[in-house]
Amino acid sequence: MFRWIVLRDLTLAWKGRVDVLSTLFFFLIAVSLFPLGIGPETNLLRLVAPGVVWVAALLASMLALGRLFANDYQDGTLEQLLLTPQPLYLVVLGKVLALWLVSGVPLALLSPVLGIQFGLSGKALLVMAVSLLLGTPVLALVGSIGAALTLGLRGGGLLISILVLPLYVPVLIFGAAAVDASMVGSGVQGSLSLLGALLALSLVFAPWATAAALRISLE
Amino acid sequence: MGGYAFYVWGSYLVTLLLMGGEVLLLLRRGKLLRYQRPGIQTPRE
Amino acid sequence: MLEATDLGCVRGDRRLFSDVNFRLSPGSLFQVQGPNGSGKTSLLRLICGLLAPAEGHIRWQGANICSLGEDYFTSLSYIGHRNGLKEELTPTENLRVTSGLAGSQLSQQEASSILGKTGLSGREHLPARLLSEGQRRRTALARLLTCRTPLWVLDEVLTSLDSSAIRLVRSLIEEHLNRGGIAVIATHHELDLSTDSFQRLDLAL
Amino acid sequence: MARINWYKYASPTNFYPFAEKMIPWFAFPAAVLFIVGLYVGFFVAPSDFQQGDAYRIIFIHVPAAWMGMLLYVLMAIYAAIGWAFNARLSSMMASAISITGAMFTFLSLVTGSLWGKPTWGTWWVWDARLTSTLILLFLYIGFISLQASIDDPRRADRAGAVLAIVGVINVPIIYFSVQWWNTLHQGATIRLLGKPTMAPPMLAAMLIMLAACWLYSIAVVLVRLRYIIIEREQNAARAAEVSV
C-alpha cells in the first residue's frame, strides 16, 4: 500500500513538473546571484560557498513544501488519505518521500555543478552533495509539520517559513559545517554523523507530528 | 557609573518600556472588552 | 452494527447538536436531514472519525471507533462534498490509486469495467479536469464498487446528478443494503427506497 | 477512553472569579520586589573590578533570559495538557503565556546587546547564548503567528500545541548546535554571559529580580487569561445568535 502513495505523488509531480522545475530553478538562480553580490574574487567566494548553497537549498525545499498537502486539501483527496486503512504515519512518510525524491535529491545532485562556480575542489563538492542528500530529507520531514499545521490558512506560504525556519537551524549549521570542514581539510565525519542523527530523529518524530497536525487541520 | 551610564540606564529604560508597554496594551485590551460584553459580569460590576 | 450514544458536537465555539442516539443494524438506511449549517456534515464526519465528538461515543461492532483506529477504516467508505479526485489523473488512475490505498489492487480492465457500470464508459482515459461535475461525481461513486465495505457514509451524494445517475445511486444503495450493509446519507432528495429498517434524523429540531 | 470528568471544574467560567482574586496577590509583590532588587543591585552590590558598572545590566538581562526559556517550556506543557485532555483552560493558558514569554526573550536580547556594546564595542555578538535566544524568539513568533492566523479557537489551541511540542523537542538541539557552531568558528571567545565573580549581594539582587519577574509574569498571564476567557465567551455567544 505504501508504494501506491509514493507512486501517486510521483506521477502527480511528473504531470505538474513545472512546480518541480521551478524549485530547482529557484535554487539555481539564488546560488548564482551571490557571486554577483559578493564579487568574483575566488577565495572569498570559496569561503562563503557552503553557507550560500545550504541556505539556498533550505529556502528551495521550503518553497516546495507549499505543494505537499495544499492540492490534496483542495480537491478532497486528503480526507480520503486520512481514511485509508493504513496508518496515517505511513501515508505522511510516503508523501514526504515522494516530495524529497522530487525536490531534495535534484538539489543535492545539482549542488556540485554550482559549487564549481564558487571554486570548490572535488572533495568539497562531494561532501556538499552528501551533506545535502542527508540534510534535505530532514528539511522535508520537519517542513511537512509546518505544511500540515498551516493547511487552508490565509498567508499559508509565509506562515510556513516563520514556523519552520527556526527548526531548520541545526540542519543548516551541521550541513554547512560539513562542507566547511572538508575545505579546511579537517574531519568531516563529525558533522555528517550529526546530520545523520538529525535525520534519524526527524524520521521518528516528524511523521507522527505531521499526522497529528493533519487530523487537527482537517477537523 | 564609569561612563557606562548610558548603557545601564538605557537597558533599564528598555525594560520599563517593554514591561510597561505590555501591561498598558493588556489594560487597553480589557477596556475594549468592557464595552461589548454580553454575558460575563465580574462580581465588582 | 453502528451505534451512537448521546453524541454531541461543537464546532469552533458553536454547539451544533447534542445527545444524538441511534443504533443501525446491518441492512438499515439512516437519512440525516436539516437546514444548512445544522451540522449534517459534522455528524457524518463524526461517524467517519474525522472529527472528535465533544461528548458521547460511536461504536462499530461494539468497539469504540477511537480505539479501532485504522481497522475501522477498512469497513468504511466516505464520499464528502468534494469528490476526492485528482484533476490531473484519469478516472481509471484515480480508481486504481484509491483501491490500491484501500488494499485491493485493481487491474486496468477491472477499473474501466467498474467505471463502465457507473456510466463513464468511453471517458475513462480523459484527465478528470475535462469531465463535467456530474461525471466526476460518478467517478467518486465508482469508488463504492471497488471495495465491499459494509458501512457507506454519503454526504449530499445526489447533488449535480442527472436522473439516470440518481437511479444508478438508488440501485447501488439498494444492492448495498440487501447485502447487509449500512448506509448513512445526508440529503434533501426523497430517497424512497424499499428497505426494512429506515431511520431519519432531523437536525433542525 | 472514558472522558475524565473531574476536569469539568477547570472550566473557564468558574476559574474566572478565582483568577480575578489572585491577580492583586501577584501584581503588588512583583512591584515591591522589583524596587528591592533594583535597590540591592545598584546600591548594595559593589561595582565589578573588570567591567566597572556595566555589569549591572545582568540584573535584568539574566532573569529575562531565564524567564524566556522557562516560559517557553511552561507554555509547551500547558499546550500539551490542553491537547491531551481536551482542557480548554490549559490551552488558553498556553496562549496567554506565549506573549509574555516573547516579551522577556526580546528584552533579554536587547539588554544583551546593550551590555555587549560597552564590554565588546559591538551591538550584536554571535555568542552562542545570544544566538540561541534569538532563535527562541523566532519560535515564539511562530507560535503566536500560527495561533493568530487560525480563527477556530479549538484548532488554534491544538495546532499551537503541536508546534510548541515540536519546538520544545528542538530547543535543546538548537542550543547544542549553536554552541557547537560557536566553538567551531570562533574558538573559545570571551563568554559574554560568563558569571562575573558573584559577590553575595550581586547574586541576591539577581535572584530578587528573578522572583520579581516570576510574579510579574503570573500576574500578567492571569490578566490576559481572563481576557481570553471573555473573548471566547463573546465569540461563542455571537456565534450562537447567528445560528439560531
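**A nonpolar patch and a helix pair in chain A**

The largest share of the nonpolar patch, five residues, is contributed by α8(A). The model discussed here is a predicted one.

Me: Which residue from chain D belongs to the nonpolar patch on the surface?
Reply: The patch has about 670 Å² of accessible area together, and its members include Tyr89(A), Leu90(A) and Trp208(A). Helices α5 and α8 of chain A each supply at least two residues of this patch, and Trp208(A) is one that lies in α8 of chain A. The member from chain D is Ile169(D).

Me: How are α5(A) and α8(A) oriented to each other, roughly parallel or roughly perpendicular?
Reply: Two packed helices are described by the angle between their axes and the distance between the axes. For helix α5 (residues 88-117) of chain A and helix α8 (residues 189-217) of chain A, the axes come within 9 Å and cross at roughly 110°. Angles of 65 to 115 degrees count as roughly perpendicular, and therefore α5(A) and α8(A) are roughly perpendicular.

Me: How many residues of the contact of α5(A) with α8(A) are nonpolar?
Reply: On the side of α5(A), the residues are Leu88(A), Tyr89(A), Val92(A) and Leu93(A), and they meet residues of α8(A) that include Trp208(A), Thr210(A) and Arg215(A). Among the residues of this contact, one is polar and one is charged, while the number of nonpolar residues is ten.

Me: Which chains share the most contacts?
Reply: Chain A and chain B do not touch, with their nearest C-alpha atoms 23 Å apart, and chain B and chain C do not touch either, with their nearest C-alpha atoms 15 Å apart. Of the four pairs of chains in contact, the most contacts are shared by chains B and D.

Definitions and conventions
Residues are numbered from 1 along each chain as its sequence is written. Chains are lettered from A and ligands numbered from 1 in the order in which they are written. This is a predicted model: local features need pLDDT of at least 70, side-chain atom pairs count only at pLDDT 80 or more; totals for chains, interfaces and linings use all residues. Side-chain values use heavy atoms; hydrogens and water are left out. Axes are lines fitted to C-alpha atoms, for helices over the stretch in contact, and angles run from 0 to 180 degrees between N-to-C directions. Helices (H or I, at least four residues) and strands (E, at least two) are DSSP runs, numbered from the N terminus. Angles under 35 degrees count as roughly parallel, over 145 as roughly antiparallel, 65 to 115 as roughly perpendicular and the rest as oblique. Contact means heavy atoms within 4.5 Å. Ala, Val, Leu, Ile, Met, Phe, Trp, Tyr, Cys and Pro count as nonpolar, Asp, Glu, Lys and Arg as charged, and the others, Gly among them, as polar. Patches are made of residues with over 30% relative accessible area and no salt bridge: like charges are joined within 9 Å, nonpolar side chains (Val, Leu, Ile, Met, Phe, Trp, Tyr) within 5 Å. Accessible areas come from the Shrake-Rupley method with a 1.4 Å probe; for residues, only the protein chains shown count as cover. A salt bridge is a side-chain nitrogen of Lys or Arg within 4 Å of a carboxyl oxygen of Asp or Glu.
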